[in-house]
Amino acid sequence: MNDTPTDMQNPFLVGQRLYLRPLEPNQDYHHVAQWHNEEKMRSYFNVYPTSDTRMKERLDQFYRSFQHILLGVALKENHALIGIVGLKDINILNQSAEFYVKIDPSMQGKGYGTEATTLMVHYGFMELNLNRIQTQDMEENIGGWRADEKAGFKLEGTLREAILRFGRYQHVRVYSILRDEFLQKQDTQDKRLLSAT
């Protein structure tokens with residue numbers, strides 16, 4: 001199925017297999033609340049429960065601030081919402097932000113996190129004019145930090161026993177990518193594509 005932008009629901013950034021779109025609080029809040037409360041996701045992200053009503057309020061708030069950009073991750077083939085991706089704590093003075101992505105546990109391991117990460121990082125550097133984007137992953141969230149590494153993030157260090165989850169302290173890996181590194185990676189990929197044709 002070849003999708004054109006008019007077939008997609010408010011596409012903002014379009015990739016090969018998915019697109020990023022603004023979340024619709026009245027339509028999407030239930031999915032996001034489910035992921036927020038799911039046990040596997042809680043072990044890496046949130047510890048406090050949320051309701052559909054509370055999540056709708058939070059989504060409404062996100063779109064009132066320019067320090068936080070949150071987008072839904074949707075499949076091009078059927079337009080299903082499979083995750084969220086965002087930049088938070090956007091600092092215009094220092095041209096920096098923190099990145100995060102959450103993919104529905106049933107859709108993990110298929111490269112969607114890496115593709116969503118690449119789209120959002122491209123947007124941060126090329127449209128928001130950021131110089132540095134960082135992210136943090138629990139050491140046990142192997143899929144999360146591997147997706148970051150595939151997207152070009154570099155490990156800066158580990159925060160030892162920084163987060164308590166399910167009765168155990170967890171190490172947190174801190175990653176970052178700089179604009180120059182991202183552009184160099186893009187240039188290398190473009191050259192590889194040209195040489196293959």
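Predicted model: local features only at pLDDT ≥ 70, side-chain atom pairs only at ≥ 80, totals over all residues.
1. Basis. Local features are given only at pLDDT of at least 70 and side-chain atom pairs only at pLDDT 80 or more, while totals for chains, interfaces and linings use all residues. Residues are numbered from 1 along each chain as its sequence is written, and side-chain values use heavy atoms, with hydrogens and water left out.

2. Fold. The protein chain has 6 helices and 8 strands. These are DSSP runs numbered from the N terminus, with helices being H or I of at least four residues and strands being E of at least two. Their order along the sequence is β-β-α-α-α-β-β-β-α-β-α-β-β-α.

3. Burial and surface. Of the 197 residues in the protein chain, 43% are buried (under 20% relative accessible area; exposed is over 50% and partly exposed lies in between, with a 1.4 Å probe and protein chains only). The chain exposes about 11300 Å², and carbon and sulfur atoms supply 49% of that area. Accessible areas come from the Shrake-Rupley method with a 1.4 Å probe, and for residues only the protein chains shown count as cover.

4. Contact range. Among contacts (heavy atoms within 4.5 Å) with a separation of 6 or more, 58% join residues 24 or more positions apart.

5. Sheet. The 8 strands form an open sheet with mixed pairing, in the order β1-β2-β3-β4-β5-β6-β8-β7. β1 (13–14) and β7 (154–165) are at the edges with a single partner strand each, so one side of each has no neighbour in the sheet. Two strands pair if DSSP finds at least two bridges between them. β5 (residues 96–103) and β6 (residues 132–138) pair in the parallel sense over 3 bridges, and Ser-96 is opposite Arg-132 in β6.

6. Strand β3. What encloses β3 (residues 69–75)? It is largely enclosed by the rest of the structure, because 7 of its 7 residues are buried. In a regular strand, side chains alternate between the two faces of the sheet. Ile-69, Leu-71, Val-73 and Leu-75 point one way from β3, whereas Leu-70, Gly-72 and Ala-74 point the other way.

7. Partners of β3. The pairing of β2 (residues 18–22) with β3 is antiparallel over 5 bridges, and Leu-71 in β3 is the bridge partner of Pro-22. The pairing of β3 with β4 (residues 81–91) is also antiparallel, over 6 bridges, with Val-73 opposite Gly-83 in β4. β3 and β4 make a hairpin with 5 residues between them, and His-79 in the turn has a positive phi of about 65 degrees.

8. Cores. A nonpolar core is a set of buried Ala, Val, Leu, Ile, Met, Phe, Trp, Tyr and Cys residues joined through side-chain atoms within 4.5 Å. The largest has 31 residues, of which Leu-20, Leu-87, Met-120 and Ile-133 touch the most other members. Two or more residues each come from β2, β3, β4, β5, α4 (112–126) and β8 (168–178); α4 gives the most, with 7 residues. A second, separate core of 10 residues includes Leu-23, Phe-62, Leu-70 and Tyr-100.

9. Met-120. Leaving out residues up to four places away in sequence, Met-120 touches Leu-13, Leu-20, Ile-69, Leu-71, Val-85, Gly-86, Leu-87 and Phe-99.

10. Met-8. Met-8 is in the segment before β1 and counts as buried, at 7% relative accessibility. Its C-alpha is 9.0 Å from that of Ala-74, although Met-8 and Ala-74 are 66 residues apart in sequence.
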